[in-house]
Amino acid sequence: MELRIDRGAVERCRELARAIAAPVSEFIAAHSTVSVERSVLRLLGVDGVSTDDVPVPNLIVEALSPEERARGAALAFGRGLAETGLEPQALGEALASGELSLSAFARVPEEPARRVVAAFVERSLARIRARREERAEKLTRLPQLPPPLLYVIVASGNIYEDRTAAVAAAEAGAQIVAVIRSTGQSLLDFVPFGPTTEGFGGTYATQANFKIVREALDAASERLGRYVMLTNYASGLCMPEIATMAAIERLDMLLNDSMYGILFRDINMKRTFVDQHFSRMLNAYSGIVINTGEDNYLTTADAVEQAPAVLASQFINEEFAHRAGMPDRQIGLGDAYEIDPDLEDGFLFQVAQAQLARQIFPGAPLKYMPPTKHMTGDIFKGHLIDALFNLTSVMTHQTIHLCGMLTEAIHTPFLGDRALSLENARYVMNTARHFGDEIAFKPEGKIEQRARGVLTDAERLLGRVAERGLMQAIEAAVFADVSRPPDGGRGFDGVFPRAAGYWNPFEEALRMERGSRGG
Amino acid sequence: MGNLVKPYGDTVNDGKVQMSFTLPIPWSEAADEAARRLVGKMGFTGVQIVEGRPIADGFSFFVAYAATPQAIDTSTISVTSAKTHAMSMDEIDDLIRERVGRKLRIAGACIGTDAHTVGIDAILNMKGYKGDYGLERYRMFETFNLGSQVSVEEFVRFAKEKKIDALLASQVVTQKGSDVKNFTALAELLEAEGLRDEIVLCCGGPRVTNLMATELGYDAGFGRGTLPSEVAAFIATRMAQKIASAR
């Protein structure tokens with residue numbers, strides 16, 4: 001089942017994506033953000049909160065002078081480590097309590113500071129490598145069922161309820177469980193601390209919460225004889241920090257989009273571009289598969305018209321991910337089944353789009369999102385629409401399959417809703433397992449013509465973006481009909497230029513690592 | 001005399017309903033019996049558990065058919081709908097031009113921590129929903145879409161500064177009653193600021209009903225499937241009424 005598409009156009013789209021990303025990369029290389037610096041501290045081993053619940057990494061970065069900050073938190077913190085001989089966590093606590101202040105160490109020479117930091121960098125990376133090897137060992141010993149990998153969301157607000165729901169979902173056939181975040185978290189400029197039991201529309205992403213569900217799913221994996229993956233959400237103001245915590249707690253996937261926060265959360269674009277880059281470098285090293293957020297183009301506007309924007313965004317996300325050192329197998333590009341069910345031949349369009357992505361990104365674990373926009377209180381019809389979504393997914397060999405819920409428009413799924421949804425997916429995918437390998441598209445038929453049209457329009461869209469530059473194109477509302485100014489939006493005050501001698505030891509180490517892998 | 005009705009399966013007054021639920025027990029034949037008795041305790045008769053099976057460790061799922069002895073007198077029920085004025089975009093623009101005589105200023109937002117702008121965007125964005133143009137497209141509306149996660153305080157401040165005529169508050173997330181809390185806070189703050197009487201206050205979301213909205217002190221509530229022109233028609237006619245009664 002192959003679409004005959006213009007390979008030349010695909011190549012041209014990739015070239016355009018490179019041209020679009022190149023100037024942004026120059027900007028990224030010359031800047032850092034408060035979240036990048038906080039994640040450097042977290043990676044060194046700083047955690048915890050002050051008596052009034054402010055995370056220690058936030059306190060340390062906020063206390064830096066603009067000059068110190070512009071050279072990177074690692075250097076100032078390293079001076080403290082060298083002078084006091086303390087472990088990072090102990091120094092962090094002393095700084096948070098006000099017992100010590102980094103300004104007191106400003107005259108400590110750079111050399112010993114760098115040396116002592118280097119040792120902690122190696123310790124930190126070894127810890128991440130160990131988690132990565134642990135995952136590889138489990139995947140060999142507890143193999144997953146074949147893709148599409150069934151992905152469900154739990155979202156009670158209470159991490160202990162989430163744990164129960166996650167294990168139940170795994171037992172009902174889920175291969176990936178995502179704990180969705182509390183609805184405001186993407187806009188918090190800090191990561192909450194400790195286990196949490198209250199949230200809105202989801203549960204806070206905290207390192208303690210990651211650990212609680214990871215342990216429960218590890219136990220379930222052993223019982224079930226198949227590894228169950230854990231997912232959380234990085235997009236927002238704390239992308240690099242969530243990437244750090246996820247690496248340490250062996251999450252397997254993270255939602256991480258290069259533009260989602262800008263367009264759909266009004267986060268400053270410069271902040272997002274710098275943050276996505278460092279977070280993806282960490283994701284690459286920790287073996288985490290990213291999931292990009294193209295589904296959002298479809299839920300906020302007409303899905304038929306937005307198809308070229310989805311493809312264009314996939315090219316841009318792929319390019320930014322490559323630039324952060326991510327191999328194709330870790331780039332879960334997004335799409336969604338959101339065409340109006342009343343549209344004649346809508347199913348054909350969905351198949352065209354899904355198959356197009358499959359052929360253009362053969363090495364990527366594509367993430368397919370379920371119908372949400374046209375789901376109503378009619379659960380019976382909803383279940384049926386989900387069945388066609390499941391069929392499209394298995395036919396076109398999608399990799400990560402977010403199971404649609406018959407109660408999508410009604411409530412956070414009940415335990416029973418999730419079980420029904422998984423049964424639906426398992427039934428359709430089993431009964432139609434090799435359907436896509438057995439049929440061929442009619443040459444020049446509706447599906448092929450639609451796919452070609454989407455590719456042509458995506459190339460045109462990328463051309464327009466390349467011509468203006470990505471930041472200007474976003475300002476001109478080229479994506480999702482949303483205009484965002486380069487210096488507007490949330491988190492802009494946390495972006496700053498790197499001074500001469502800026503040092504991010506993790507970025508340095510990860511880049512060297514990548515060089516030695518030749519990738 | 002009232003008009004008593006019961007659910008209809010295939011015969012008048014058979015009272016047949018279907019339901020499904022999960023019990024936190026492992027499945028067994030005894031679990032089926034537990035489910036059957038539970039439905040009986042709910043007041044149903046002729047209970048049939050047509051499906052019972054395990055869905056996770058320690059959880060079973062059931063599908064039941066049963067008959068209810070209850071009936072409802074429909075003549076005692078009166079629920080008003082905010083969607084009574086079917087009008088086209090041009091008719092609405094004309095109505096505002098003739099009876100208000102100036103553009104109406106409308107602000108919409110997802111209030112509280114809710115980040116789901118799907119509903120408010122469908123109503124306000126030019127493109128609209130299901131081929132029905134959004135309020136931005138109307139010549140006689142000046143619209144402001146404040147987007148998501150707008151605090152109630154911010155929303156009211158905006159309404160005051162911009163002399164807004166109609167506020168549209170949207171809530172998609174309903175977990176733990178957060179929607180009702182936010183809607184209530186907005187209505188109360190408008191009241192406290194002395195703005196309530198001059199503003200047409202509407203709320204919307206998949207779980208919103210007009211009844212709930214009016215109980216919370218809103219002029220109207222719009223639920224799932226609402227078209228932008230239905231909201232537009234309501235605002236235009238309500239504003240025209242306000243002006244007529246002020247004269």
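**View 1. Helix 5 of chain A is mostly covered, with ten of its twelve residues buried.** In this predicted model, the buried residues of helix 5 of chain A are Ala73(A), Ala74(A), Leu75(A), Ala76(A), Phe77(A), Gly78(A), Arg79(A), Gly80(A), Leu81(A) and Ala82(A). The helix, which comprises residues 73-84, reaches 17 Å from its first C-alpha to its last, a span close to the 16 Å expected at 1.5 Å a residue. Helix 5 of chain A is followed by Gly85(A), a residue whose phi is positive, near 70°.

**View 2. Strand 9 of chain B is largely enclosed by the rest of the structure.** Five of the five residues of this strand, which covers residues 200-204, are buried, and the strand is therefore largely enclosed. In a regular strand the side chains alternate between the two faces of the sheet. In strand 9 of chain B, Val200(B), Cys202(B) and Gly204(B) point one way, whereas Leu201(B) and Cys203(B) point the other way, and all are buried.

**View 3. Strand 9 of chain B is joined by bridges to strand 8 of chain B and to strand 10 of chain B.** Strand 8, residues 166-170 of chain B, runs parallel to strand 9 of chain B and is joined to it by five bridges, with Leu168(B) standing opposite Cys202(B). Strand 10, residues 220-222 of chain B, also runs parallel to strand 9 of chain B, here with three bridges between them, and in strand 10 of chain B the bridge partner of Cys202(B) is Ala220(B).

**View 4. Helices 5 and 6 of chain B take part in right-handed β-α-β units.** One such unit is made by strand 8 of chain B, helix 5 of chain B (residues 178-192) and strand 9 of chain B, and it is right-handed. Another right-handed β-α-β unit is made by strand 9 of chain B, helix 6 of chain B (residues 210-215) and strand 10 of chain B.

**View 5. The largest nonpolar core has 175 residues.** Within this core, Val177(A) and Leu254(A) touch the most other members. Helix 14 of chain A, residues 307-323, gives the most to this core, contributing nine residues. Apart from this core lies another, of 50 residues, among them Leu124(B), Ala166(B), Leu168(B) and Ala232(B).

**View 6. The surroundings of Leu254(A) include Thr231(A), Asn232(A), Tyr233(A) and Ala234(A).** When its neighbours within four places in sequence are left aside, Leu254(A) is also in contact with Ile242(A), Ala243(A), Ala246(A), Asn283(A), Ile288(A) and Ile290(A).

How values were computed. Residues are numbered from 1 along each chain as its sequence is written. Chains are lettered from A and ligands numbered from 1 in the order in which they are written. This is a predicted model: local features need pLDDT of at least 70, side-chain atom pairs count only at pLDDT 80 or more; totals for chains, interfaces and linings use all residues. A residue is buried if 20 or more other C-beta atoms lie within 10 Å of its own, exposed if 12 or fewer, and partly exposed in between; C-beta atoms are placed from the backbone. Helices (H or I, at least four residues) and strands (E, at least two) are DSSP runs, numbered from the N terminus. Two strands pair if DSSP finds at least two bridges between them. A crossover is right-handed if, with the strands pointing away from the viewer, the path from the first strand over the helix to the second runs clockwise. The expected span of a helix is 1.5 Å times one less than its number of residues. A nonpolar core is a set of buried Ala, Val, Leu, Ile, Met, Phe, Trp, Tyr and Cys residues joined through C-beta atoms within 7 Å. Two residues are in contact if their C-beta atoms, placed from the backbone, lie within 7 Å.
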